[in-house]
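Subject: Structure handover

Hello,

Here is the structure you will be taking over. Please look through it first; my notes on what was found follow below.

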Amino acid sequence: MKIEVKQLTKKYKNKLALDDISFTLEGPKIYGLLGRNGAGKTTIMDILAGLTLPSQGEILIDGQPTFDNQEVAGLVCLIKEDGNFKKDLKIKHILKSYSYFYPNWDENFAAQLLETFKLNKNMKAKTLSKGMASALGITIGLASKAPITIFDEPYIGMDAAARKLFYEILLEEYENENRMFIFSTHLIDEASLLFEEVIIIQDGKLRLKEEAEKLRDETYAVSGPKDKVETFLADKDIIRQQALAGMMTAYVRGNAIEAESSGLSTEGIPIQDLMIHLTEERQVG
Ligand SMILES: Nc1ncnc2c1ncn2[C@@H]1O[C@H](COP(=O)(O)OP(=O)(O)OP(=O)(O)O)[C@@H](O)[C@H]1O
């Protein structure tokens, strides 16, 4: 599956949510779609799922536009934080309605997931706790077997143990099937181990798109006395730097070996911190 985001712009009245953004995704892969609040992530996911019309530009899935396109709609399953199903319906009826929509729907997998998440199929959606509603959303997303499955903050209210279970099942599913997963969350620290590629959106623009492993290997934090770090940084690609009381920490792209051999201390940058540093105004310490 190939997703081409082409010069996509979305304006809501006076608010520019997406600003001429372009990138391409190719699966199977697990993508982390990250960014600060209001960066434009949900807008991209809504356009991708054909729920929202862009102001300019387009998203193509294997060459086909997404908006109001029945054929493409069955290829994409978007599970949001909330509002995935009608509150008056029983779980079994909600699952049935999704099964009509997704050509690859896997009924056995859905039943198995209900059991895993301890959901009774006769419960009405409105009686579910927040965590149970999230588990139902996740059940739908996984059982849809949609080639492109998007989770937009899918596990609000789920406790750590249930989230861990979800990560495990997602990885298992990813290993067994050729699916693309796009995952947007603010719980980056715990979810980042899933990501194969990371996309960071800032103010409706693409800030970064890179393989997660490369990010881990080719970015580092270097710390030490301010003058020593400043000398070291002279020819480096600096993401951000901070100085305090004669000491300096800088977040740098490149290989940490050189810094280590200069006697400075280095450490890896977790993806969550990297996202924060990349999307913060640059500060010169
Ligand atoms: N229906 C709407 N009407 C007006 N403005 C909107 C609408 N939907 C989104 N926006 C604005 O567009 C911008 C991008 O919003 P979006 O929901 O895509 O961001 P996000 O990255 O998903 O944020 P969050 O992490 O907080 O969910 C924000 O400034 C938001 O206020």
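**Salt bridges**

The structure holds 19 salt bridges. Please keep in mind that this is a predicted model. A few of the pairs are described here, starting with two that share Glu280.

In one of them, the side chain of Arg36 meets that of Glu280, with 3.8 Å from N to O. This pair links distant parts of the chain, 244 residues apart. Arg36 sits in the loop between β3 (30-35) and α1 (41-48), while Glu280 belongs to the segment after α11 (271-278).

Is Arg240 buried or exposed? Arg240 is buried, because its relative accessible area is 6% and the cut-off for buried is under 20%.

There is also a network. Salt bridges with shared partners join Asp106, Lys145, Glu173, Glu177 and Arg179.

A further pair lies within one helix. Glu230 and Lys226 form a salt bridge in which the closest N and O atoms are 3.3 Å apart. Why are these two residues separated by about one helical turn? They are four residues apart in helix α9 (residues 226-233), and therefore about one turn lies between them. An α-helix has 3.6 residues a turn, so residues three or four places apart point the same way. Side chains of opposite charge can pair when their charged atoms come close. Glu230 is partly exposed, with a relative accessible area of 34%, and Lys226 is also counted as partly exposed, at 27%.

**Charge on the surface**

The protein has 35 positive and 43 negative charges, and the mean positions of the two sets are 7 Å apart. Which residues form a negative surface patch? The patch is made up of Glu196, Glu211, Glu213, Asp217 and Glu218. Of these, Asp217 is placed in helix α8 (residues 212-217). Asp217 counts as exposed because its relative accessible area is 52%, and the cut-off for exposed is over 50%.

**The protein as a whole**

The secondary structure consists of 11 helices and 14 strands. Along the principal axes, the C-alpha atoms fill a box of roughly 65 × 40 × 35 Å. The protein has 285 residues, and buried residues make up 50% of them. For contacts between residues at least 6 apart in sequence, 68% join residues at least 24 apart.

**Helix α1**

Helix α1 is mostly covered, with seven of its eight residues buried. The buried residues are Lys41, Thr43, Ile44, Met45, Asp46, Ile47 and Leu48. After α1 comes Gly50, which has a positive phi near 75°.

**Two single residues**

Gly204 is found in the loop between β9 (197-202) and β10 (205-211). Gly204 is buried, with a relative accessible area of 0%. What does Gly204 touch, not counting residues up to four places away in sequence? The residues it touches are Ala17, Leu18, Asp19, Ile21 and Ala39. Gly204 and Glu4 are 200 residues apart along the chain, and their C-alpha atoms are separated by 16 Å.

Glu58 has its place in strand β4 (residues 56-61). At 34% relative accessibility, Glu58 is counted as partly exposed. Leaving aside neighbours within four places in sequence, Glu58 is in contact with Glu4, Val5, Lys6 and Leu8. The C-alpha atoms of Glu58 and Ser22 are separated by 9.3 Å, and the two residues are 36 apart along the chain.

Regards

Note on methods: Residues numbered from 1 in each chain as written. Predicted model: local features only at pLDDT ≥ 70, side-chain atom pairs only at ≥ 80, totals over all residues. Heavy atoms only, no water. Buried < 20%, exposed > 50% of the residue type's maximum accessible area, 1.4 Å probe, protein only. Contact = heavy atoms within 4.5 Å. Lys, Arg positive; Asp, Glu negative; His and termini not counted. Charge placed at Lys NZ, Arg CZ, Asp CG, Glu CD. Patch = residues over 30% accessible without salt bridge, like charges linked within 9 Å, V, L, I, M, F, W, Y side chains within 5 Å. Areas by Shrake-Rupley, 256 points an atom, 1.4 Å probe, with all protein chains shown as cover. Salt bridge = Lys/Arg side-chain N within 4 Å of Asp/Glu carboxyl O.
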